[in-house]
Amino acid sequence: MAQWTERASSSDNEDGGQVFDMERLVTRAQQGDEQAFNVLYRHYSNAINTYLNNMVGGDGSGSELTQETFYKAWSSLPQLRSPGAFKHWLYRIATNLAYDYQKHQHLLPTVAFDRCSDDYSSMQVEGPENNYENAELLREALALIPYKYRICLILYCVEGCSPPEIAEQLNIKESCVSKYVSRGRKSLQTIYMQLHSKGRRIDA
């Protein structure tokens, strides 16, 4: 996958400064045009990398998964029926890779938890010296909530995706998104408080 990072900078101007046209670029990439795919990589790689870092942590694994995401996208591109669905399809690939990685590595994701809880202020230990403890407990709490809640929370609270976008990316009903976000927030707060009161001794 080094080919995308090496070639992206030179191919970024491939369209001569024209307005970014995702569908046209995807169609060309489906026909084997690597330069078109490099432009797509350049446009979406930072967002995908940030998303995956939020999912699996910032130890470099997110960057590796980003490369794997684009490798899989390039390999499977002929199977994409609608070029207009490329962005959501790309996030779906990234989501599946993050899920498989977490399942095998048992990693705790790092996210902006104050954006994932309706009452973050009640989920903190008093004193600035405990900021690290708060973050660690919240990571553990997020890791313990059901995956379908966790992924919806991250997409909605961290990535800023709308419910319709999340529904399309995860191939679920829009009504389920709101339900999962709401339940996820409640589960996050409940588990956090249990972890804090029991000194982190809680079964998954």
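In which handedness of crossing, left-handed or right-handed, does α7 pass α8? I looked it up and found a right-handed crossing of α7 past α8. Here the near helix is turned clockwise from the far one by less than a right angle.

I noted the basis. This is a predicted model, where local features need pLDDT of at least 70, side-chain atom pairs count only at pLDDT 80 or more, and totals for chains, interfaces and linings use all residues. Residues are numbered from 1 along each chain as its sequence is written, and side-chain values use heavy atoms, with hydrogens and water left out.

**Helix pair.** I took helices as DSSP runs (H or I, at least four residues), numbered from the N terminus. The axes of α7 (residues 147-158) and α8 (residues 163-170) come within 10 Å and cross at roughly 135°. That makes the pair oblique. Angles under 35 degrees count as roughly parallel, over 145 as roughly antiparallel, 65 to 115 as roughly perpendicular, and the rest as oblique. Axes are lines fitted to C-alpha atoms, for helices over the stretch in contact, with angles from 0 to 180 degrees between N-to-C directions.

**Thr 95.** I found Thr 95 in helix α5 (residues 86-105). Thr 95 counts as buried at 4% relative accessibility. Buried means under 20% relative accessible area, exposed over 50%, partly exposed in between (1.4 Å probe, protein chains only). Thr 95 touches Tyr 51, Tyr 147, Ile 151 and Leu 170, not counting residues up to four places away in sequence. Contact means heavy atoms within 4.5 Å.

Note on methods
Helices (H or I, at least four residues) and strands (E, at least two) are DSSP runs, numbered from the N terminus.
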